[in-house]
Amino acid sequence: MMAAMPGARAASAPLMGREVEPTMFELSVTGRSAAQLRTTGIAPRDLGEIIPSEHLRDAPLETVALSERDLVGHVTRLTHRQFSVDLGMYPLGSCTMKYNPKFCDTVAGDPRLASVHPGAPAALTQGWLELLVTLEERLCAITGMAGVTLQPAAGAAGELTGLLLMRAYHASRGDVRRRVIIPDSAHGTNPASVTLGGYEVTTIPSNDRGLVDLGALRAALGPDVAGIMLTNPNTVGLFEEEIAEIAEAVHEVGGLLYYDGANLNAIVGVVRPGDMGFDIVHMNLHKTFATPHGGGGPGAGPVAVAPHLVDFLPGPRPTRLAEGYGWGEPAHSIGRVHGWHGNALVLARALAYIEVHGSDGLARVAQHAVLNANWLRRRLAETLPAAYDRPCMHEAVLTASPIKSATGVKALDVAKALLDEGFHAPTVYFPLIVDEALMFEPTETESVQTLEALAQAIESIAQRAGSDPEALRAAPRHTPVGRVDEALAARVLKSTEDAARPR
Ligand SMILES: Cc1ncc(COP(=O)(O)O)c(C=O)c1O
C-alpha cells in the first residue's frame with residue numbers, strides 16, 4: 001500500500017456511503033487558485049499607494065487555496081449528496097419548493113444584466129431600471145397594491161419592512177399604537193418581526209375549523225392595535241372565509257392589515273390581497289415566482305403597499321420618468337432596508353417567470369397547486385387523515401396521530417423514511433396547533449404520476465410502521481447522512497469555519 005501523501009486530502013471521494021466529504025480547508029494547498037480575474041485594461045497599482053499602511057494586513061488573510069478542478073469536484077460531490085428541487089419532489093409545506101425553470105437562470109446569467117455594477121449611474125443602466133420598474137408594476141397588478149419596494153432580501157426581511165411601514169404610517173398621524181395581532185397558527189417569523197418592529201404580540205386562537213376566531217379577534221381589538229398579520233390561505237392551508245369581516249373589524253379601530261405572502265402560490269393570478277382588504281403585502285419571490293430557494297441562497301421579499309403607504313416606502317426607488325428611468329426618494333421614506341437594489345438577479349429571474357407565464361399562466365399555477373394538494377389529501381385520507389376535513393388550498397396539513405397511537409411511529413419517522421423512498425420530507429410539527437402534523441405542499445410542478453408514487457411510498461411506510469417500527473425509527477438508511485440529532489445544532493452553536501478548519 002502506498003504511504004499517504006502529506007498535506008491536503010485527495011480531491012476525489014466516493015459519492016455514496018457514509019464517507020464524509022473533505023472540507024475545503026482539508027483540500028486546500030497553498031498556492032493553488034481557481035480565480036480568474038477579468039482584465040480591465042487598468043494598470044495594476046501597488047496597494048500601499050492607495051491604502052494607508054495602518055489599514056493593511058501584516059500577513060495575508062488565511063483562505064482556502066483550491067484549483068478549479070478540485071473546487072468543482074468538491075461542489076459537484078456535495079450537490080450529488082443533497083436532495084434538491086432539480087432532483088425530485090420536495091413537498092416541504094409552507095415553503096413552496098417548486099421546480100425553477102431553467103430559462104430564468106439563462107436570463108439572470110446574461111452578462112448584460114449580471115456584469116453591471118450596481119453603482120453605475122442611471123444613464124448607463126436604463127435597461128436594469130426598466131426591468132425593476134416593470135417588475136414593480138407587475139407585482140402591484142398581482143397584489144392589487146399601489147407601490148412596491150424590491151429591496152427586502154427575504155420574506156422575514158419583508159415582514160420587518162412592513163412593520164416599519166406600519167409604524168411610520170401611525171407615527172405620521174400622531175398615533176401611538178402598541179400591539180400587533182397574530183393568529184396562533186402563524187409562522188414563527190411573524191411574532192419575531194413584530195417584536196423587532198417594536199410592537200407587542202397579541203396572539204388570538206384559531207377556531208375548530210382552523211380559521212381566525214372572529215369573536216376572539218374582536219375581543220383583542222382596540223385603539224392601541226397597530227394592525228394584524230395574516231397569511232391567506234393560512235398555515236393550515238385553509239382560506240380565511242371571513243377575510244372581509246376581519247378587514248372591516250381591523251380597519252374600524254384604525255389598524256392596518258399585513259399580508260404574509262408566503263402562501264401566495266395558492267391564489268396568484270386568481271385573488272388579490274388588495275381586494276381582500278390588506279394594506280401591506282410581502283411576497284417571497286423565491287417561493288411563488290420560482291427563483292432558487294433554500295440552502296442560504298439569495299431570496300427576495302418585495303413589499304407592496306396600498307396608496308396611503310406609498311410615501312413611506314424604502315428608497316431610493318426605481319422610477320419611470322417622462323423620458324427614460326431614474327431613481328426617486330419617497331417623501332417620508334423609512335430609509336434603506338438593503339444595499340443597492342436588493343438581490344437584483346433574483347428580481348430578474350422573477351420578472352422572467354412572470355412574463356413567460358402571463359396572467360393566465362399565473363392563474364393556472366395557483367389552480368394546479370390547489371388541485372395537486374387536494375388530490376393528495378383525498379388519496380391519503382385513509383393513511384394520514386387531514387387535520388381539518390375540508391378542501392384545502394395549496395398545501396394539505398395531515399396528521400400521523402392515528403399511526404402514532406397504533407404503532408408508536410411518529411410524524412418525524414414517516415418524514416425521514418420518505419427520504420429513503422426518494423422524496424424530500426414534508427414539513428413536520430408545523431403548524432403547532434396540529435398534533436403530529438405533516439404538511440405537504442406538492443406545488444403545481446409535480447405530475448399526477450409523481451403524486452401517486454408519493455402516496456404509495458407513504459402507504460408502504462404506514463404498513464411497515466405496524467410490522468417493523470424500529471426500522472422506521474432508524475430511517476433514513478440510504479442517504480449519505482443518517483438520522484441526525486435535530487435539536488443539537490440549535491443548542492450547541494458552532495460557526496461553520498471553526499467546525500470546518502482542521503485542527
Ligand atoms: C408563512 C411564512 N411566513 C414567512 C416566512 C418567511 O419567509 P423567508 O424564509 O423568505 O424569510 C415563511 C417561510 O417559510 C413562511 O412559511
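Is threonine 96 buried or exposed, and how many C-beta neighbours does threonine 96 have inside 10 Å? The points below take this up along with other backbone features. The model is predicted.

1. Threonine 96, burial. This residue has 26 C-beta neighbours inside 10 Å. The cut-off for buried is 20 or more, so threonine 96 counts as buried.

2. Threonine 96, backbone. Its phi is near 45 degrees. That is a positive value, and the residue is not glycine.

3. Tyrosine 429, backbone. Here too phi is positive in a residue other than glycine, with a value near 55 degrees. The loop holding tyrosine 429 runs between strand S11 (427–428) and strand S12 (437–440).

4. Glycine 315 to proline 316. The peptide bond joining these two residues is cis. Omega is about -5 degrees. Proline 316 belongs to the loop that links strand S7 (303–305) and strand S8 (317–320).

5. Alanine 475 to proline 476. This peptide bond is also cis. Its omega is near 5 degrees. Proline 476 is in a loop as well, between helix H17 (469–473) and helix H18 (488–491).

Conventions: Residues numbered from 1 in each chain as written. Predicted model: local features only at pLDDT ≥ 70, side-chain atom pairs only at ≥ 80, totals over all residues. Helix = DSSP H or I, 4+ residues; strand = E, 2+ residues; numbered from the N terminus. Buried ≥ 20, exposed ≤ 12 C-beta atoms within 10 Å, placed from the backbone.
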